[in-house]
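Take a look at the chain below. This report walks through its folds, from the whole chain down to single residues.

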Amino acid sequence: GGGVMAAYALEAEGLCLRLSGKPIVRGVDLHLELGQAVGILGPNGAAKTSLLRALCGLLPLSQGRALLFGKPIGSYTRRELARRLAYVPQNAGCDFNFTLRELVRMGRYPHLSRLSAAAPGDAALVEEALAKTGLTAYGDRLARTLSGGEWQRALIARALCQQADCLLL
């Protein structure tokens, strides 16, 4: 908290990625403000997902830097990062016996204190996220029984419930 507000919510400068020593992303410069929506277009295999994963600190950069609110992505703790940035992976499976409502509630984790299992208002945020994604009727279903499209919407609902400033899809 506090301090000077960064000019950009998310930025990359000279971002480069290598996979098995081979360059897959070269020299990406990106400056995104809060409230801005941007699409990354390209053919299959063009490293769009790798770029997103690097922007949220899940892939190491071979060159350049990625900043979230003016601070290097790698300098955030996982919990701090999850309060500011939500990432919805393209293909994430679920082998656990969680209901959809429980899965969405996991988006609240970064906001819980160490001693608290739930915070006031969490249940309402979960229901709101389910409603926004058209999944209210599926809340009690096991997440692993959802169709591919329902599963993607469930991950978006979890990210919305996270209430992060930035959402990467």
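## The chain as a whole

Buried residues make up 37% of the 169 residues in this chain. The model is a predicted one. The chain exposes about 10,000 Å². Carbon and sulfur atoms supply 54% of that area.

How many helices and strands does the secondary structure come to? There are five helices and six strands. From the N terminus, they run β-β-α-β-β-α-β-α-α-α-β. Now consider contacts with a separation of 6 or more: 67% of them join residues 24 or more positions apart.

## The sheet

Strands of a sheet pair through backbone hydrogen bonds, and the pairing is either parallel or antiparallel. Here, four strands form an open sheet. Their order is β2-β1-β3-β4, and the pairing is antiparallel. Which strands sit at the edges? They are β2 (22–32) and β4 (71–72), each of which pairs on one side only.

Strand β1 covers residues 10–19, and β3 covers residues 63–68. Five bridges join β1 to β3. Between β1 and β2 there are seven bridges. The table lists some residues that face each other across these strands.

| Residue | Partner |
|---|---|
| L10 | L32 in β2 |
| E11 | L67 in β3 |

Helix α1, residues 48–55, lies across β1, β2 and β3. Its direction is about 125 degrees to β1.

## The cores

In soluble globular proteins, nonpolar side chains tend to be buried together. In this model, the largest nonpolar core has 25 residues. Which of its residues touch the most other members? They are L10, L15, V25, L55, L68, L85 and L168. The elements that give two or more residues to this core are β1, β2, α1, β3, β5 (85–87) and β6 (166–168).

Take L85 from this core. Leaving aside neighbours within four places in sequence, L85 is in contact with L55, C56, L68, Q162, A164, C166 and L168. Three of these partners, L55, L68 and L168, are also on the list of residues that touch the most other core members.

Another core lies apart from the largest one.

Key. Residues are numbered from 1 along each chain as its sequence is written. This is a predicted model: local features need pLDDT of at least 70, side-chain atom pairs count only at pLDDT 80 or more; totals for chains, interfaces and linings use all residues. Side-chain values use heavy atoms; hydrogens and water are left out. Buried means under 20% relative accessible area, exposed over 50%, partly exposed in between (1.4 Å probe, protein chains only). Contact means heavy atoms within 4.5 Å. Accessible areas come from the Shrake-Rupley method with a 1.4 Å probe; for residues, only the protein chains shown count as cover. Two strands pair if DSSP finds at least two bridges between them. Axes are lines fitted to C-alpha atoms, for helices over the stretch in contact, and angles run from 0 to 180 degrees between N-to-C directions. A nonpolar core is a set of buried Ala, Val, Leu, Ile, Met, Phe, Trp, Tyr and Cys residues joined through side-chain atoms within 4.5 Å.
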